[in-house]
Amino acid sequence: MSFCCCCPTGGTNNERLLPEDDHSSEQPVNDGATEEYDAIVLYDYEAKEAVQLTVYEKDIVRIRKVNQLGWCLALKGDKQGWIPQTYTRRIEPQDKVPSQGNTMTSESDQAS
């Protein structure tokens with residue numbers, strides 16, 4: 001089995017993390033047990049391996065896991081793959097903007 005910089009590439013499970021004893025990263029460690037969160041992509045990233053995900057600046061992704069090397073398992077639409085954690089910024093609940101369609105009904109809607 002071969003390994004890319006973020007995850008195993010020889011198998012079919014793209015959610016596996018690298019061995020626990022590999023502490024070569026200075027990034028925060030997440031064992032996958034914490035809750036998922038939304039993040040904004042800060043820079044374009046083109047996938048170099050089949051288990052990675054291509055994302056673009058300003059994309060909103062769902063971070064599902066962070067491995068010990070600082071790579072995030074991200075979900076974008078119906079696609080999932082690994083991206084560098086340093087290419088993302090967590091979106092805090094107070095940063096989220098309510099969608100226009102779900103806030104209030106307009107006067108014309110009320111007249112119907």
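1. Strand E3 (residues 71-76) pairs with E4 over 6 bridges in the antiparallel sense, where strands are DSSP runs (E, at least two residues) numbered from the N terminus and two strands count as paired if DSSP finds at least two bridges between them. Within this pairing, alanine 74 has glycine 81 in E4 as its bridge partner. The hairpin of E3 and E4 has 2 residues between the strands, and glycine 77 in this hairpin takes a positive phi near 65°.

2. The model is a predicted one, in which local features need pLDDT of at least 70, side-chain atom pairs count only at pLDDT 80 or more, and totals for chains, interfaces and linings use all residues. Residues are numbered from 1 along each chain as its sequence is written, and side-chain values use heavy atoms, with hydrogens and water left out.

3. An open sheet is formed by 5 strands in the order E4-E3-E2-E1-E5, with antiparallel pairing. Strand E4 (79-84) and strand E5 (88-90) are its edge strands, each of them pairing on one side only.

4. Strand E1 (residues 37-41) runs antiparallel to E5 and is joined to it by 3 bridges. Isoleucine 40 stands opposite arginine 89 in E5.

5. Lysine 58 lies in the loop between E1 and strand E2 (60-66), and its phi is near 80°, a positive value in a residue other than glycine. Most residues other than glycine have a negative phi. Lysine 58 is exposed, with a relative accessible area of 62%, exposed being over 50% relative accessible area (1.4 Å probe, protein chains only).

Technical notes:
Helix = DSSP H or I, 4+ residues; strand = E, 2+ residues; numbered from the N terminus. Buried < 20%, exposed > 50% of the residue type's maximum accessible area, 1.4 Å probe, protein only.
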